[in-house]
Amino acid sequence: MTWALAIHGGAGSMTRDNPGPAGARDALGQALAAGAAVLSEGGAALDAVEAAVRVLEDAPEFNAGRGAALSYDGVAELDAAIMHGATRAAGAVAGVTATRHPVSLARAVMERSPHVLLAGAGADAFARARDLEPATQDWLILPERRAQLEIMRAKPDGAFDVEMKFGTVGAVARDASGGLAAATSTGGVTGKRWGRIGDSPLIGAGTYADDRACAVSATGSGEFFIRTVCAHEIAARIRLAREDAQTATEAVLAEITTMGGTGGVIVMPRAGTPFWRFSTRGMYRGRVAAGHAADVAVFDDE
């Protein structure tokens, strides 16, 4: 068994004429390096996905942690999840407002509480009780995100950002012993209201890992990924219908497309090369494996 890692920084409307943040490729490379450093030393897949996602949460180019999209009320409300494929232990948080690394808070929920999902003020209180590294709203929020929110709030319909100009981050990994893990982190969509929660922190929707099948992290129009239970559906088709990972993934994304949703996934199979599929014009993504150089891409023709 060889170790491997795949990451994403969101699927969306990126094109060569409108490529998005200039530093995105470098940040993806740094995240791959952080995860690969764990795996190449014999570390666990769970540690690798957390390490990679922490880098992306600190990268202002992406919609997670610092630089997250803002709610309609101008607040950075952060969601994250992490899952261990061998035991199917999982942790998740939603609507947290004062933690630098929501993925690490999700792991603390998994390992240091009897629960799977904590939300809002309770999740923030748990973070303080467990001495997770804090972050102020002033640190999390970038001026350009405030400007994007104001443009959106000025629209007559006040709709949230259905175009997904920048997106969720995530990672999937397989370690040298064959163990799988997945993690996802996001700020949601610009202009979200009423405590909206997407697929990222929902185990089985945007995040899932099962050593019997695969590990998945999703990005896109979360409501559709929730309704299809996307990540679990891919794993279930592999495990129960005996489909290969690519076939299962394409079938589930086709269903989401038929329903009206867009987005993408990264998938780590039990053996072989990690891969991605997406229905948008671009997806920030990268992968690396034992004996192979890191590969980073953005557009659909790469």
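Two strands are taken to pair if DSSP finds at least two bridges between them. On this basis, in the predicted model examined here, 4 strands form an open sheet in the order 7-8-9-10, and the pairing is antiparallel. Strand 7 (207-210) and strand 10 (275-278) are the edge strands, each pairing on one side only. From one strand to the next, the twist of this sheet averages 15 degrees. Strand 9 (residues 263-269) and strand 10 are joined in the antiparallel sense over 4 bridges, and V265 has R277 in strand 10 as its bridge partner. Helix 9 (residues 245-259) packs on the sheet, where it touches strand 9 and strand 10. The direction of helix 9 makes about 20 degrees with that of strand 10.

An open sheet of 8 strands is also present, with the order 4-3-2-6-5-1-11-12 and mixed pairing. Its edges are formed by strand 4 (117-119) and strand 12 (292-299), each of which pairs on one side only. The twist here averages 5 degrees from one strand to the next. Within this sheet, strand 2 (residues 78-84) and strand 3 (residues 90-96) run antiparallel and are joined by 5 bridges. The bridge partner of I82 in strand 3 is G91. Helix 3 packs on the sheet and touches strand 2, strand 3, strand 4 and strand 6, its direction making about 130 degrees with that of strand 3. Helix 2 (residues 45-58) lies across strand 1 (4-12), strand 2, strand 5 (169-174) and strand 6 (180-186). Relative to strand 5, helix 2 runs at about 155 degrees.

The buried residues are P102, V103, S104, L105, A106, R107, A108, V109 and M110. Their cover includes helix 2 and helix 4, together with strand 2, strand 3, strand 4 and strand 6.

Two packed helices are described by the angle between their axes and the distance between the axes. For helix 3 (residues 102-112) and helix 4 (residues 120-129), the angle is about 80 degrees and the axes are 10 Å apart. Because angles of 65 to 115 degrees count as roughly perpendicular, helix 3 and helix 4 are assigned to that class. The contact brings L105, A108, V109 and R112 of helix 3 against A123, F126 and A127 of helix 4. By class, this contact has 6 nonpolar, no polar and 1 charged residues.

The largest nonpolar core has 53 residues, and those with the most contacts inside it are L5, I7, F62 and I82. A second, separate core consists of 35 residues, including V172, I256, V267 and M268.

Apart from its neighbours within four places in sequence, G282 is in contact with A11, G12, M14, V298, F299 and D300. The C-alpha atoms of G282 and E57 are separated by 20 Å, the two residues being 225 residues apart along the chain.

Technical notes. Residues are numbered from 1 along each chain as its sequence is written. This is a predicted model: local features need pLDDT of at least 70, side-chain atom pairs count only at pLDDT 80 or more; totals for chains, interfaces and linings use all residues. Side-chain values use heavy atoms; hydrogens and water are left out. Contact means heavy atoms within 4.5 Å. Axes are lines fitted to C-alpha atoms, for helices over the stretch in contact, and angles run from 0 to 180 degrees between N-to-C directions. Helices (H or I, at least four residues) and strands (E, at least two) are DSSP runs, numbered from the N terminus. Angles under 35 degrees count as roughly parallel, over 145 as roughly antiparallel, 65 to 115 as roughly perpendicular and the rest as oblique. Ala, Val, Leu, Ile, Met, Phe, Trp, Tyr, Cys and Pro count as nonpolar, Asp, Glu, Lys and Arg as charged, and the others, Gly among them, as polar. A nonpolar core is a set of buried Ala, Val, Leu, Ile, Met, Phe, Trp, Tyr and Cys residues joined through side-chain atoms within 4.5 Å. Buried means under 20% relative accessible area, exposed over 50%, partly exposed in between (1.4 Å probe, protein chains only).
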